[in-house]
Amino acid sequence: MYFKNVFRQPATRGIPAAYMQATLLSYGLFDEIVSGFPVVGLPLLRDRLGLSYEQIGLLFAVGSCSAMVLEPIINVLSDRHSKRWWILGGLLCLILCFVVAAFVSSYSVLLVVFALYYPAVGTAVGLAEATLIDSDPARSVAIMTRWTLLASVGDILAPLLVTALVSLQQGWPEICWLAAGLWALLFLLTVAQPFPRCEAVGIKAEGSFVSSDDTARAEPGVIPEEGRVSTWSALSQAMRNPALLRWGLLALIPDMVDEVLLGFAALYLRDTLHASEATIGWLLTSTFLSSLCGLALLDRQPWLRRVASQVPHRVLAGMAVVVLAGMLLLLTTHTTWLAGLALGIVGLGAAGWYPIAQAQTYAQLPGRSSLVRAITGLGEPFKAALPAIVGLLAARFGLLAGLALLGSAPVLLLLALIGYAPVKEPQK
């Protein structure tokens, strides 16, 4: 019953709009499921093509670099026209990528597939998220919380589906066909429904806002002509928006307590605390469940969402203190069960960081969600370099040094909140 309610959007305009919003909300779930296939199924791909470790690393590096170059451009361009066609185009590209990957026998072709796959995911999934925010900006915290919650569920389902296929004596081609089928299903669900209209306001050339009456007459998901400014002018204005840059930074910090932390925490449990593989598995699972509980609490408690929308800096500061306590316990304990408790505290406290910060990032430029994504995409190099930086510190100064760098995330978040004051909306 709970996950049935997760897809429900209370503030919708009729059943068709509710169905379309639920469809767009499912993009986060599908993304995490399918994105996990190449990772979990990597041994199958390696055995099929006889790949070396260097070739495997190059695949992901090419994909990441391609996304870093193309996604900001696509985000800016999509803000000028209906996002519907960009999303559908991204889905078609994803389907094609997995169909080709199912038959691939050449490493060079596989490189092209990865180079197309990463920006296609960012286009389809990222713009679906942006469209959701634009369709109901007043509920951005609730939308981002549900998006993150469903994405977390997708993280669980991906390895389970791959394991099920392998147990049925299926290999890499079958994984690709399943991925292509899932994207095709999402394509059919999207193309068969009316696209939500953009309710948010846009930026006029002189810096004022387009009225809701103007946007009501516009094509779905498009800022009206009189509300547009040139692409570079809008980008320049956004780059000079200190509130946008602050919240963009705050939305970037949660990556320090996500998969990278869990990966190095697993190494810490094994190499320093000498925990067994089974124990590590249970502890990481409990950490993941605590994070899900934090997201579920934020999603199902209206008063908590209301507070997170009205005074997000205070909620984030409180969560940061909880995470800081968990990290201090993790870095100082020599007991396995206390380390597990510390990871659970970190997972619970950090669960709401990203949805709250990302919702506030979108709120800085109402109706220009794609432009916001173009600006926040500038932080992608940090995300790509973070594992290597932590690994370098761990190799040079020890595993605790790498974990200490990741453990500085709550301190960085608190420092970024210094001087923040909510801006009261002018009365109409």
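## Exercises: side-chain contacts

In this predicted model, Glu-380 and Lys-383 make a salt bridge, with their closest N and O atoms 3.3 Å apart.

**Exercise 1.** Work out where Glu-380 and Lys-383 lie, and whether Lys-383 is buried, exposed or partly exposed.

*Solution.* Start with the helix: both residues lie in α19 (residues 380–397), three residues apart, or about one turn. Next, check accessibility. Glu-380 has a relative accessible area of 31%, so it is partly exposed. Lys-383 also comes out at 31%, which makes it partly exposed.

**Exercise 2.** Find which parts the salt bridge between Asp-134 and Lys-83 ties together, then do likewise for Glu-129 and Arg-373.

*Solution.* Asp-134 and Lys-83 meet at 3.3 Å, N to O. Asp-134 belongs to helix α6 (residues 107–135) and Lys-83 to helix α5, so this bridge joins parts 51 residues apart in sequence. Both side chains' residues are buried. Now take Glu-129 and Arg-373, whose closest N and O atoms are 3.2 Å apart. Glu-129 is in helix α6 and Arg-373 in helix α18 (residues 369–376), so the pair links parts 244 residues apart in sequence. Glu-129 and Arg-373 are buried too.

**Exercise 3.** Classify the aromatic pair formed by Phe-103 and Trp-177.

*Solution.* Get the geometry: 5.6 Å centre to centre, with 85 degrees between the planes. Planes over 60 degrees apart count as edge-to-face, so Phe-103 and Trp-177 are an edge-to-face pair. Finally, Phe-103 is exposed at 57% relative accessibility, while Trp-177 is partly exposed at 42%.

Key
Residues are numbered from 1 along each chain as its sequence is written. This is a predicted model: local features need pLDDT of at least 70, side-chain atom pairs count only at pLDDT 80 or more; totals for chains, interfaces and linings use all residues. Side-chain values use heavy atoms; hydrogens and water are left out. Rings of Phe, Tyr and Trp (its six-membered ring) pair if their centres lie within 6.5 Å; planes under 30 degrees apart count as stacked, over 60 as edge-to-face and the rest as tilted. Buried means under 20% relative accessible area, exposed over 50%, partly exposed in between (1.4 Å probe, protein chains only). A salt bridge is a side-chain nitrogen of Lys or Arg within 4 Å of a carboxyl oxygen of Asp or Glu. Helices (H or I, at least four residues) and strands (E, at least two) are DSSP runs, numbered from the N terminus.
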